[in-house]
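Open the model in your viewer and keep the selection panel at hand. Each stop below gives a selection and what to look for there.

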Amino acid sequence: MRPRGTAADDGTPAALAHALLDTASLTRALPHRVRVTPAVPIPPEQLPRTQELLDEIADELGLPGVTVLPAVEGATAVELAVGRRLALRAPGELADGEPHRAARAARAAFPGPAVVLPGRDGTPLRCWAAGPEDAPAVIVVSACGMPVGLATPWLAALSRAYRVVTWESRGLFAADDGSGLGRPPAHTLEAQSDDVLAVLDGFGIPHAHALGLCGGAVIALSAAARSDRVSSLSLWHGDWELGAEAPKTAHQHDIASLLALVARGRPQAAAMHRLMSRPTALQALRPDIAHYLIHPYATPELLHRYGLLNGALMTADCRRLLDAPQPTLVVTSDRDATAHPAGSAFVARHLPRAGLRSLPEGDHLTAFDAGGELVSLAEEFLRSVTVPDRKGT
């Protein structure tokens, strides 16, 4: 497995295959083929060959195809995000079988394939595992609604020494077989934290360290408060609801209002989706990860479900969870303008066995990049706590 990829700017079949896998959550979610334009103008006579190459790679990967056009009138934010990630150029000369080899290599470099495991209420969960099966276990609890690609750097970094597992949020990701999203699942914090234990069940892991990011920190803490199968915690840039005990950022207030609106019903979600489909929606998103961040806004149904799921996390009073006894590392940064660092400081002060690390650099999204300093901090803490392996030894 390699860390999260950059744009497919060399135009090779290998880069295109990786980019198609990287944007699959979007191309599977939309009811029509995504339209994309080349990053560099392609002569009209070469467009059919470009389309043929993309179709062949998509077929090899079992993914929906994309439609290449010289220009796309009325392109949506999702189409622009996919097109930017693909960064299409005219293909060069290809050796026989190269698209097939590119697809195979992309699959090997990506976390996967997904393993579908049942939640405790029967909800199918798309899950991944990496690293030695007999190593101490870490479950990565990513931000609500984000594709696995956003957490890939953590899987890549920690799976050298740990058995690392993760999953995508219930009910927000279409099945690989084209059957769609399935029925709307339960969206409470309890249902989402049950998924932590269901993933451990599915992979046969008795105990694990839970590494929670953003809203995933709330899920991880809830699971730890309910079960000692979570043996230790690291909570990174948590998005905490603590009543009057800690302030929130403007971003937290804005997102909470948005989620409350779209959770009210599908008509409200459809109206908001029309606004958020405009290309300007990409302006505030980091270009290299925009195709992940935009996933829960890709369709009206996804947006409605996201409002229910993430809304449940953002409104759950976390003060009731602060008796969790596990050793805990709480990490934030004074430069986090997304989730207020004061919330993490409050959580660290009140958990019985927690320590706080407030970093001078890095914002909310860089926590997902798993940079060297952050990985070293995580590994140092992991070495200090006992994480039993799969055999419970």
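**Stop 1: the largest pocket**

Begin with the largest pocket, which has a volume of about 880 Å³. This is a predicted model, in which local features need pLDDT of at least 70 and side-chain atom pairs count only at pLDDT 80 or more, while totals for chains, interfaces and linings use all residues. Residues are numbered from 1 along each chain as its sequence is written, and side-chain values use heavy atoms, with hydrogens and water left out.

Select H251, I255, L285, Y297 and T338: of the 32 lining residues, these are the closest to the pocket centre. (On a 1 Å grid over the protein atoms alone, a pocket is an open set of points with protein on both sides within 12 Å along at least five of seven lines; a cavity is a set where a 1.4 Å probe fits but cannot get out; lining residues have an atom within 4 Å of a point.) A volume is the space filled by probe spheres set on the points, with grid points joined across faces, edges and corners.

Now show α9 (250–263) and α12 (300–315), which each supply at least two lining residues. Helix α9 gives the most, with 5 residues. (Helices are DSSP runs of H or I with at least four residues, strands are runs of E with at least two, and both are numbered from the N terminus.)

**Stop 2**

Select V262 in helix α9. V262 has 0% relative accessibility, so it counts as buried. (Buried means under 20% relative accessible area, exposed over 50%, and partly exposed in between, with a 1.4 Å probe and protein chains only.) Beyond residues up to four places away in sequence, V262 touches Q268, A269, M272, L303, H304 and G307.

Move to M314 in helix α12. M314 is buried too, at 6% relative accessibility. Its contacts, with residues up to four places away in sequence not counted, are D239, E241, K248, Q252, I255, A256 and L259.

**Stop 3: aromatic pairs**

How many aromatic pairs does the structure hold? There are 2. Select W154 and W236, a tilted pair at 5.1 Å centre to centre with 55° between the planes. W154 lies in helix α6 (residues 152–158) and W236 in strand β8 (residues 230–236), so the pair ties together parts that are 82 residues apart in sequence. Both W154 and W236 are buried. Then select Y297 and Y306, an edge-to-face pair at 5.5 Å centre to centre with 70° between the planes. Y297 and Y306 are buried. (Rings of Phe, Tyr and Trp, the last by its six-membered ring, pair if their centres lie within 6.5 Å; planes under 30 degrees apart are stacked, over 60 edge-to-face and the rest tilted.)

**Stop 4: the sheet**

Switch to cartoon view. An open sheet of 8 strands runs β3-β4-β6-β5-β7-β8-β9-β10, with mixed pairing. (Two strands pair if DSSP finds at least two bridges between them.) β3 (115–118) and β10 (354–359) stand at the edges with a single partner strand each, so one side of each is left without a neighbour in the sheet. From one strand to the next, the twist averages 25°.

Zoom in on β3 and strand β4 (residues 124–130), which pair in the antiparallel sense over 4 bridges. V115 stands opposite C127 in β4. The two strands form a hairpin with 5 residues between them, and G122 in the turn has a positive phi of about 90°.

Next, take β8 and strand β9 (residues 328–333), a parallel pairing over 4 bridges. Here S234 stands opposite L329 in β9. Helix α13 (residues 341–350) packs on the sheet, touching β8, β9 and β10, and its direction makes about 160° with that of β9. (Axes are lines fitted to C-alpha atoms, for helices over the stretch in contact, and angles run from 0 to 180 degrees between N-to-C directions.)

**Stop 5: a covered helix**

Finish on helix α4 (residues 77–86), where 8 of its 10 residues are buried. Among them are V78, V82 and L86. Just after α4, A87 takes a positive phi of about 45°.

Terms used: Contact means heavy atoms within 4.5 Å.
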